[in-house]
Every structure is written in structure tokens, then in C-alpha cells.
Amino acid sequence: MRLNRTTMPATAFLLFGLTVVAGGQHVAGADDSPVVSGVVRFDGPRPKRKTIRMFEKGGKPSDCQQLHKTALLDENRLVSEKGEVANVFVYVKKGVEKKSYPLPKKPAVLNQEMCMFRPRVQGIRVGQDFVMKNGDPLTHNIRSFSFRNRAFNIAQPSKSEDRKKDFTRPEKAVMIQCDIHSWMKAYYFVMDHPYFAVTNEKGQFKIEGLPAGEYTLTAWHEEFGDQDVKITVDATGSSNVDFSFAEKITR
């Protein structure tokens, strides 16, 4: 793989070597194709997770408290003891051929479990079914802050039927929130191609089936920001691209 370091931000670095990875959307015919994989890490002291105060608007204690025997911790900065960052959306930003790609047979799913959205970050294809479920014994709602696609606000009482949507335009980093339980947040990317992945608890990602060529790869995190790097994918081998995020400096 050839790297253009002049395009890399100061906080990004790349390492080479064998990395066992997980995640990503499977691409038909990609079994023998090159794989772009890597690990996203945090540079600095591990951020401390904060306890979520489970109260509804107006200061009323939430029914969510009954579902948890221990404190519920926030998930906006999940960093392992080794500094690996979860819930980073890694995708090909530039260089992908503009054409129609087969859609996944299974829908993308957003569940509400233990008063948290699951998964917190995911990619959804344009035209793919997006199914919303409520697995909790209480009422939630799903408000989408989208702009390119029609925004929606759906109430889901306990044991109610699943709700379904689909999206017609690509859109990046759309936030979802529950108005009843304000700490419940999630993000989705609507993609017009299948070359993306979300890092797991070990910060690992894998993107399969990317044809040989030059691309811009982006790693996005809800609080740490995003980073771009230019890569060249060879037809004969796989590529390893590691990212490193640091705490943002506020002035």
C-alpha cells in the first residue's frame, strides 16, 4: 500500500503488520479480494466514563432505574484499557465508483435495550430497510435529526410493533435521540456503497472487497472528530491502516 503522508492530520498515524479484525458489511464476491483493516486507538489518558442520571424531563425519576442494579455509564467515549476506541465509523470517502451496489438481504436494526440504543453507531445503505425495535418494558421514542432525508419522530410503547423506514439519499452522522430519556443517543450513516465498517470493543475494523485503486479513508467519532488518509489498494494484497485520536483542545 502506498501512503501520501502530506494528507494526514497531525493526530493520525499508520502502522503495518498482521491485525485480526472484525466488523464491516460483507460485499458479494469479496472473499478473495483485498481487505483494508486496522485499529483505532486513543492517544492519551483513558477517558473516564460518567454515571448517567436517569431522570426524565422535569426531574422525575425514570422507570429506567428499575432495569439497572448498578450505575448506568455513558457510552460516548468507549476506550479500552489498551487505548482501543469502539464505535468509530470508518468509510471510504472518495474514490469509490459511482454505480449501483447490491443491497444487504437483512435490514439494518436499531433496538432499544436497557434504556440505551443498540447499536450506537451503524451504517445503513440507501434503499435498505431500517427496522426499529423496543425491547424494554417501557415507552421510548426515536427522533432522527436528519437533513437530506426526511426527519422523523416515532413513539414506541412497550411491546409495540417494530417500525420500519428507508432512506433515499446518502447522509453522514445523523443523530438519533430519545426525547423521554435524553441520554439515549445513537448515530447512523446512510451510504451509497458498501465500503464501511464500525470498530468493535478492540478498536478493530475491516472493509472487504474494495477494488484496486486510490481512495480517501475516513474515521469518524462522535466526540473525537474525524480524520482522512489517502491509501492505495493493490489487487494482490491487503492493507493495514491504523488511526489515532487525541482529546480535543478547547479554548
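**Contacts, bridges and backbone in a predicted model**

Me: Leaving aside neighbours within four places in sequence, which residues is T51 in contact with?
Reply: In this predicted model, T51 belongs to the loop between β1 and β2. Once its neighbours within four places in sequence are set aside, the residues in contact with T51 are A71, L72 and L73.

Me: Is T51 buried or exposed?
Reply: The relative accessible area of T51 is 54%. Exposed residues are those over 50%. T51 therefore counts as exposed.

Me: What distance separates the C-alpha atoms of T51 and E75?
Reply: Along the chain, T51 and E75 are 24 residues apart.

Me: How many salt bridges does the structure hold?
Reply: One of the salt bridges joins the side chains of R41 and D242, at 3.1 Å from N to O. A network of salt bridges also links R77, E223 and E247. The number of salt bridges in the structure is eleven.

Me: How many residues apart in sequence are the parts tied together by R41 and D242?
Reply: The side chains of R41 and D242 meet in a salt bridge. R41 lies in strand β1 (residues 35-43), whereas D242 lies in the loop between β16 (239-240) and β17 (243-246), so the parts that this pair ties together are apart in sequence by 201 residues.

Me: In which strand does the salt-bridge partner of D228, K93, lie?
Reply: The side chains of D228 and K93 meet in a salt bridge of 3.2 Å, N to O. D228 lies in strand β15 (residues 225-233), and the pair ties together parts that are 135 residues apart in sequence because K93 lies in strand β2.

Me: At what relative accessibility does K93 count as partly exposed?
Reply: D228 is partly exposed, with a relative accessible area of 25%. K93 also counts as partly exposed, and its relative accessibility is 43%.

Me: How many residues apart are D192 and K98?
Reply: D192 and K98 form a salt bridge through their side chains, with an N to O distance of 3.8 Å. D192 is in the loop between β11 (185-191) and β12 (196-198), and K98 is in the loop between β2 and β3 (108-113). The pair links distant parts of the chain, and its separation in residues is 94.

Me: Is K98 buried or exposed?
Reply: D192 counts as partly exposed at 32% relative accessibility. K98 has a relative accessible area of 72%, and the cut-off for exposed residues is over 50%. K98 is therefore exposed.

Me: Which residue does a disulfide join to C64?
Reply: A search of the whole structure finds one disulfide. Its S to S distance is 1.9 Å, and the residue joined to C64 is C115.

Me: What is the torsion about the S-S bond of C64 and C115?
Reply: C64 and C115 are both buried. The disulfide between C64 and C115 is left-handed because the torsion about its S-S bond is about -85°.

Me: How far is the sulfur of C178 from the closest cysteine sulfur?
Reply: C178 counts as buried, at 0% relative accessibility. A disulfide requires sulfur atoms within 2.5 Å. The closest cysteine sulfur to that of C178 is in C64, too far for a bond, at 7.6 Å.

Me: Which residue does a cis peptide bond join to R118?
Reply: Most peptide bonds are trans. Here, a cis peptide bond with omega of about -5° joins R118 to P119.

Me: In which strand is A173 found?
Reply: Most residues other than glycine have a negative phi. A173 has a positive phi of about 50° although it is not a glycine. A173 is found in strand β10.

Terms used
Residues are numbered from 1 along each chain as its sequence is written. This is a predicted model: local features need pLDDT of at least 70, side-chain atom pairs count only at pLDDT 80 or more; totals for chains, interfaces and linings use all residues. Side-chain values use heavy atoms; hydrogens and water are left out. A salt bridge is a side-chain nitrogen of Lys or Arg within 4 Å of a carboxyl oxygen of Asp or Glu. Helices (H or I, at least four residues) and strands (E, at least two) are DSSP runs, numbered from the N terminus. Buried means under 20% relative accessible area, exposed over 50%, partly exposed in between (1.4 Å probe, protein chains only). Contact means heavy atoms within 4.5 Å.
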